[in-house]
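Visitor: I have a structure open here and would like to go through it with you. Can we start with the charged pairs?

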Amino acid sequence: MAIAKIKNFIDSSIKSVSTPLERTVNLEPEVGIKINHSINEKALFVTVIGARHLPQNFGFTRVNSYLVKVKLIPGKEKFETTTKNESWPHWNEEFKFSLRKETKSKFGKTKVVEEEIGASRFIVATLYAILEDKPLIATERKEAEKEKAKGEALKKDGKRKDSQSAASGSQETTKSKLLGQFFGKGTDKVGDGTGVERRERMDKRRTIGATTIPLDPKNFTAKPTKPKHSSDVSTGELWRTLRPISSGISGAEERRENKKGQVEVLLCQEKSDKKDGAGRLVLTLQRLRCSLQTMHEHEVLKGQLYIKMSVVDGGRVTHFWKSDRFAPTISMKFNPEMAKVVADNPYEGALSTVSFVVKFVSKNKMGKKTTVGHFVIGPDVVGAYGEQWKQALAKPGQQVTKWQSFE
């Protein structure tokens, strides 16, 4: 009897806490946004309230801080919050988007147009994680030992270099004074340093997800807490779940996209004046899209990624192009003038044995290559890959652009 009572107590206890435990496990990252529309000032005031349930690690790397970027679409204005080093950051930072736009008319005259909000316009909020420099496996003890060794080495070399540094310092001061006197500038290159620092900051940035808020007038039903004008309206606090950035393709294609990723490729057959043959066939790479899950997998490998496009003629690679290596990312643009391969078409029927192979490759620090995904565009390929080939050959001179998924 005693054992049966204990068992019943344990079973009832598990049932009573199962629901809150499930809610805790399935929590998704969210961001809080509030939008005020000021009719008098012809502007939108977007307040980033905060975020919650954010990941603290990316692969083997710890997150140092978070920030949110807000953008009005369509439009060029975009703003970023300050960085916060906490998993439940609170910003409460406000940004102003002007709804007035200057347009140029004939004879150099400018006209101010006041844009209206509508469902076709929306605010995009993207949340980024800033990674730390060292991985999680680097212990504090190893770091302390390194710092201690550096300190001892500096003490030993300090006395020896004191006299040299004093002499060299005076020479540098004189040199900089002369340069400043004759050329109006010193020896420091501030511009190059800031460019390198900005690139390093961007390399540490990872996208957690994004959300879109349509500017439908029906959503502006509340009054601001402290309105600047009596006619101001607000959406109130909106907490939205962050979703992985994708190309926007819906249905089955979107599910395929979440596995490996997609690239936007452009296929075009150039027009030719030759009677016995058509123009060359050119494949151009424009953009890459990856899911957040795929990016996390690449982050664990601590490697770099690249894309390779090849022209295969009769089973032999005749031309290829390979991108520079890049860190795991959600989206990326390529230079269309450089990211292209060309298949020659000297006579009629020459393209019957030609195909394009596009590979998405990961290379770790040990030099091991792993193919993340690939696909083939050619005359004997079925589905969307073969359809793009047929459309390009049927319309010489026209660019056929499609999002193709990696398999």
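Visitor: Which residue forms a salt bridge with Arg-243?

Guide: Glu-28 does; in this predicted model the closest N and O atoms of the two are 2.9 Å apart.

Visitor: Is Arg-243 buried, exposed or partly exposed?

Guide: Arg-243 has 45% relative accessibility, so it counts as partly exposed. Glu-28 is partly exposed as well, at 38%.

Visitor: How many salt bridges are there in the whole structure?

Guide: A search finds seven. One of them joins Glu-80 to Arg-205, with the closest N and O atoms 2.9 Å apart. Glu-80 is in strand 5 (residues 78-80) and Arg-205 in strand 10 (residues 205-214), 125 residues apart, so this pair too links distant parts of the chain.

Visitor: And Arg-205, buried or exposed?

Guide: Arg-205 counts as buried because its relative accessibility is 16%, and the cut-off for buried is under 20%.

Visitor: What does Lys-96 form a salt bridge with?

Guide: With Glu-41, where the closest N and O atoms are 3.7 Å apart. Lys-96 belongs to strand 6 and Glu-41 to the loop between strand 1 and strand 2, so parts 55 residues apart in sequence are tied together. Lys-96 is partly exposed at 42%, and Glu-41 is partly exposed at 27%.

Visitor: On to those strands. How do strand 1 and strand 2 pair?

Guide: Strand 1 (residues 30-38) pairs with strand 2 in the antiparallel sense, over nine bridges. Within that pairing, Ile-35 has Val-46 as its bridge partner in strand 2. The hairpin has four residues between the strands, and Lys-42 takes a positive phi near 50° there.

Visitor: What about strand 2 and strand 6?

Guide: Strand 2 and strand 6 (residues 90-98) are antiparallel too, with seven bridges. Val-48 stands opposite Glu-93 in strand 6.

Visitor: How many residues of strand 2 are buried?

Guide: Nine of the 10 residues in strand 2 (residues 43-52) are buried, so the strand is largely enclosed by the rest of the structure.

Visitor: I also clicked on Thr-235. What is Thr-235 in contact with?

Guide: Apart from its neighbours within four places in sequence, Thr-235 is in contact with Lys-34, Ile-35, Asn-219 and Phe-220. Thr-235 is found in the loop between strand 11 (233-234) and strand 12 (238-241), and at 12% relative accessibility it counts as buried.

Visitor: Now the nonpolar packing. Which residues of the largest nonpolar core touch the most other members?

Guide: Leu-283, Leu-285, Leu-288, Phe-356, Phe-360 and Ile-377, out of 31 residues in that core. Elements that each supply at least two residues of this core include strand 14 (281-289), strand 15 (304-313), strand 19, strand 20 and helix 6.

Visitor: What is Leu-285 in contact with?

Guide: Leaving out neighbours within four places in sequence, the contacts of Leu-285 include Val-263, Ile-307, Met-309, Trp-321 and Phe-334. There is also a second, separate core of 30 residues, with Ile-33, Val-63, Trp-91 and Ile-208 among them.

Visitor: How many bridges join strand 19 to strand 20?

Guide: Eight bridges join strand 19 (residues 354-363) to strand 20. Phe-360 stands opposite Gly-373 in strand 20.

Visitor: Which residues of helix 6 are buried?

Guide: In helix 6 (residues 384-394), the buried residues are Tyr-385, Gly-386, Gln-388, Trp-389 and Ala-392. Seen down the helix axis, the buried residues fall within an arc of 155°, so they line one face of helix 6. The face turned away from that buried side carries the exposed residues Lys-390 and Ala-394.

Conventions. Residues are numbered from 1 along each chain as its sequence is written. This is a predicted model: local features need pLDDT of at least 70, side-chain atom pairs count only at pLDDT 80 or more; totals for chains, interfaces and linings use all residues. Side-chain values use heavy atoms; hydrogens and water are left out. Buried means under 20% relative accessible area, exposed over 50%, partly exposed in between (1.4 Å probe, protein chains only). The arc is that of the directions from the helix axis to the C-beta atoms. Two strands pair if DSSP finds at least two bridges between them. Contact means heavy atoms within 4.5 Å. A nonpolar core is a set of buried Ala, Val, Leu, Ile, Met, Phe, Trp, Tyr and Cys residues joined through side-chain atoms within 4.5 Å. A salt bridge is a side-chain nitrogen of Lys or Arg within 4 Å of a carboxyl oxygen of Asp or Glu.
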